[in-house]
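User: I have a structure to go through. Can we work through it in short questions and answers?

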Amino acid sequence: MRLFTAFVAWLPRALLTLAAIGLMNFTLVRLAPGDPAAVIAGESGAADGAFIEKIRADYGLDQPIQVQVASYLTRLARGDLGVSYRSNLPVSQMIAQRLPATLILTGTALIFAIVVGTMLGIASSRARGGWLDLAIGSFAMLCYAMPVFWVGLLLVLVFSVALGWFPAFGMASLVPKQGLAYLVDVMHHLVLPALTLALLHMAVYVRLARSSSLEVMGKDFIRTAHAKGLTDGQVLRGHVLRNAMLPIVTMAGLQLGHLMGGAIVIETVFAWPGIGRLAFDALLQRDYSVILGVFFVSSVMVVLANLVTDLALRIVDPRIGR
Amino acid sequence: MLSLIALVALLAPWIAPHDPWALLGQPLAPPGGDFALGTDMLGRDLLSGLIHGARVSLLIGLASSTCALLIGVGVGALAGYFGGIVDRVLMRFTEFFQVIPAFLFAILLVAIMRPGLKSVIIAVALVTWPPVARLVRSEFLVLRSREFVEAARSLGLGHWQIMVREILPNALPPVIAVGSLMVATAILTESSLSFLGLADPNLISWGYIIGSSRSVFRDAWWLSVLPGLCLFITVLSINLLADGLGDAGNPLLRSGRDTAA
């Protein structure tokens with residue numbers, strides 16, 4: 001029941017945020033140099049005055065600004081993201097086609113980063129001050145400092161060109177396979193891009209897990225657990241982990257925006273067919289509806305993810321919100 | 001933990017001379033000069049490209065961080081000092097910018113404005129300011145209830161004077177640490193933008209070199225690896241410096257020690 005109230009309380013804020021983003025989208029399009037109608041007309045190859053006027057009417061560009069804003073926002077609410085100038089396909093359809101690919105990539109990377117990062121962080125906290133701590137810390141720091149695309153290129157260089165272990169481009173082989181073989185093929189292609197994305201973000205989780213578990217381990221109830229005779233392993237899993245995870249889950253929600261940004265670069269480097277790539281191609285073609293559509297969808301995902309993490313936190317720690 | 005702090009503080013000045021700052025003193029090598037590091041696909045000298053790129057990357061990093069700092073400190077100070085409705089509105093505003101996927105937003109901004117030095121700086125600044133605002137706000141919140149603020153107010157100092165002359169100097173140490181980290185982030189963001197070809201095409205930057213070398217990647221791998229190495233070392237040394245600064249300026253912060261029984 002408490003979860004439900006939390007959700008209800010969250011809703012107006014989220015809607016307001018989304019509306020604000022939509023508004024910003026709208027403003028950005030209008031700020032773009034050049035008259036949108038002229039751009040579209042130019043692309044269509046017919047640029048005489050009457051055609052431009054017709055386009056203007058079609059897209060509703062001749063109406064007063066308030067009407068345009070209102071109609072834009074209502075269309076957003078309905079999930080209508082407009083039509084791509086280039087391909088005349090509905091933007092939402094284009095995005096829906098490529099969204100799974102991005103989700104696979106970012107989801108895998110996120111899980112990997114959190115899991116491995118937490119493990120390293122906790123290991124580092126248990127070996128505090130020792131060489132392992134220093135090694136892990138340095139490794140995290142190194143990962144954090146590396147540009148995303150450089151890491152990707154390096155990995156391709158080492159693992160793909162030199163060693164030939166993993167494919168360098170695309171999500172699946174050119175000859176499509178079926179069923180289970182397809183799954184394995186995708187996973188094979190997934191390794192390098194996901195690893196690149198994960199390495200970068202892992203550093204944050206390592207540090208966070210380390211300080212978080214150090215903090216928890218200093219608490220009294222841990223001492224009680226030890227005194228009760230629980231082994232180190234049991235203490236770790238049962239108590240330390242659950243409490244130390246809270247800031248990590250919070251951080252994961254906050255990092256999502258950065259994850260999406262990194263995904264764009266990775267998708268470009270590895271030719272991964274996701275929405276980041278879509279946005280980039282659209283950018284080169286000045287196809288603003290697509291870019292803004294992707295932008296909006298990513299923002300929605302971040303907002304939703306924040307909700308999920310908030311609810312998850314409330315589940316894990318019933319003390320929140322009481 | 002103290003030994004770790006000392007180690008980091010020691011490492012920072014040692015790493016710093018490796019920072020490409022040293023390269024700024026040399027006279028600009030004309031493209032096509034010495035071929036110490038090889039040439040790119042158009043015959044341009046890589047070494048000069050790296051040196052010029054150093055100037056660009058650092059320039060953009062510093063410029064955009066300064067802008068971001070100004071915005072962040074401004075917003076945070078106002079929010080933290082005045083509290084109440086000002087605080088809530090400003091914090092909503094900051095949250096809004098934090099929800100937006102940062103890099104996407106930067107790309108969008110650069111696309112909308114004409115690609116150029118200024119737009120890159122503005123875009124990067126607009127994307128990196130929120131964390132500073134939050135930090136400054138919390139610092140101000142803590143500091144404004146201190147006695148010296150009351151003393152200042154009883155002396156008749158106006159709001160602005162109190163904020164700038166009294167509270168701000170005390171709020172600065174963590175801001176400096178975060179600020180140096182922001183420079184690193186700004187450099188990385190700029191490099192990603194130029195890698196994608198979205199930055200000023202008249203300026204050579206490391207990201208641009210890497211991006212434009214992608215087509216000859218398999219044969220001329222050094223064109224991609226070396227500029228990235230430069231980026232990496234730069235960012236790493238800034239991070240170490242920031243760590244050293246942060247720890248030195250605030251020895252009580254993040255001690256990580258167990259609370260003594």
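User: Why is helix α11 of chain A largely enclosed by the rest of the structure?

Analyst: This is a predicted model. Helix α11 of chain A covers residues 275-284. The helix counts as largely enclosed because, of its 10 residues, the number buried is 8.

User: Which residues of α11(A) are buried?

Analyst: A residue is buried if 20 or more other C-beta atoms lie within 10 Å of its own. In α11(A) that picks out A:I275, A:G276, A:R277, A:L278, A:A279, A:F280, A:A282 and A:L283.

User: Which residue just after α11(A) takes a positive phi?

Analyst: The place to look is just past the end of the helix. There, phi is about 60 degrees, and the residue is A:R286.

User: Which residues touch the most other members of the largest nonpolar core?

Analyst: This core holds 142 residues. Helix α8 of chain A, residues 179-217, gives the most to it, with 18 residues. The residues that touch the most other members are A:A279, A:I291, B:A106 and B:V132.

User: What is B:V132 in contact with, leaving aside its neighbours within four places in sequence?

Analyst: B:V132 is one of the core residues that touch the most other members. Its contacts beyond those neighbours are B:A68, B:L69, B:G72, B:V73, B:G76, B:V175, B:V178 and B:M182.

How values were computed:
Residues numbered from 1 in each chain as written. Chains lettered and ligands numbered in written order. Predicted model: local features only at pLDDT ≥ 70, side-chain atom pairs only at ≥ 80, totals over all residues. Buried ≥ 20, exposed ≤ 12 C-beta atoms within 10 Å, placed from the backbone. Helix = DSSP H or I, 4+ residues; strand = E, 2+ residues; numbered from the N terminus. Core = buried A, V, L, I, M, F, W, Y, C linked by C-beta atoms within 7 Å. Contact = placed C-beta atoms within 7 Å.
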